[in-house]
Amino acid sequence: MEADKIKESIKRAAQELFRKFGYHKTSVNEIAKRAKIAKATIYKYFESKEEILHALLMDYIRVSVDELINSDSHQLDEEAHLTNLILKTSRLSYTVCNEFIGWDFIRESTNSQEFLKNLSNELEELLLSSFTKLSGMRKMESYHQRLRFLIKCSKSIVFSFAFTSVSDSDVRKNFVSFQKEILPYLVKAAIAV
């Protein structure tokens, strides 16, 4: 049980520092100091700073996806539910990048872009598995493929806004455009019989 407490202490310290200074500007030494443990102890539980970030993000994403999937799913029709879910997921992806990693580092670092790609693929799998668990959702293979297409398209569009936009206001403007002009057609195509 002590190991779980140490691991959580490391993650809490890292999260505080990542949010305050960004992922790139936070060192393992600073995480160890904040967690009040030796640097070597961190490497006993995590192979790298990137692995700490990954653990943090997956915890955050799992909780967020569960909340997204379970909220209002019983109150909305399928089209409205999927639209709402994609919008919330897109905001979640943006929050992860904005609060945990930092856009400057993401735009400049090939490693962070690869990390984000892997992370977003894991998010995609979490969403798909959650979709199939929802009662009332069709479980046909073609439907599953269309949902995967919907998630991939939405994810690609939203990330392209973030990587190419100059400011947060540009990202927001593009996101509103995506919400009003693109997403409705993607959702309709995904649920078409």
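Author: Let's start with a term: a salt bridge is a side-chain nitrogen of Lys or Arg within 4 Å of a carboxyl oxygen of Asp or Glu. This is a predicted model, where local features need pLDDT of at least 70, side-chain atom pairs count only at pLDDT 80 or more, and totals for chains, interfaces and linings use all residues. Residues are numbered from 1 along each chain as its sequence is written, and side-chain values use heavy atoms, leaving out hydrogens and water.

Reader: Which residue forms a salt bridge with Arg-34?

Author: Side chains of opposite charge can pair when their charged atoms come close. For Arg-34, the closest N and O atoms of the pair are 2.7 Å apart. Arg-34 sits in helix H2 (residues 28–35) and its partner in helix H1, 18 residues apart; helices are DSSP runs of H or I, at least four residues, numbered from the N terminus. The partner is Glu-16.

Reader: Is Lys-11 buried or exposed?

Author: Buried means under 20% relative accessible area, exposed over 50%, and partly exposed in between (1.4 Å probe, protein chains only). Lys-11 has a relative accessible area of 8%, so Lys-11 counts as buried.

Reader: Which residue in helix H4 pairs with Lys-11?

Author: The N to O distance in this salt bridge is 2.5 Å. Lys-11 lies in helix H1 and the partner in helix H4 (residues 49–70), so the pair ties together parts that are 48 residues apart in sequence. The partner is partly exposed at 32% relative accessible area, and its name is Asp-59.

Reader: Which residues do shared partners join into one network?

Author: Lys-11 meets Asp-59 in a salt bridge, and Lys-11 also meets Glu-8 at 3.1 Å, N to O. The network is made of Glu-8, Lys-11 and Asp-59.

Key: Helix = DSSP H or I, 4+ residues; strand = E, 2+ residues; numbered from the N terminus.
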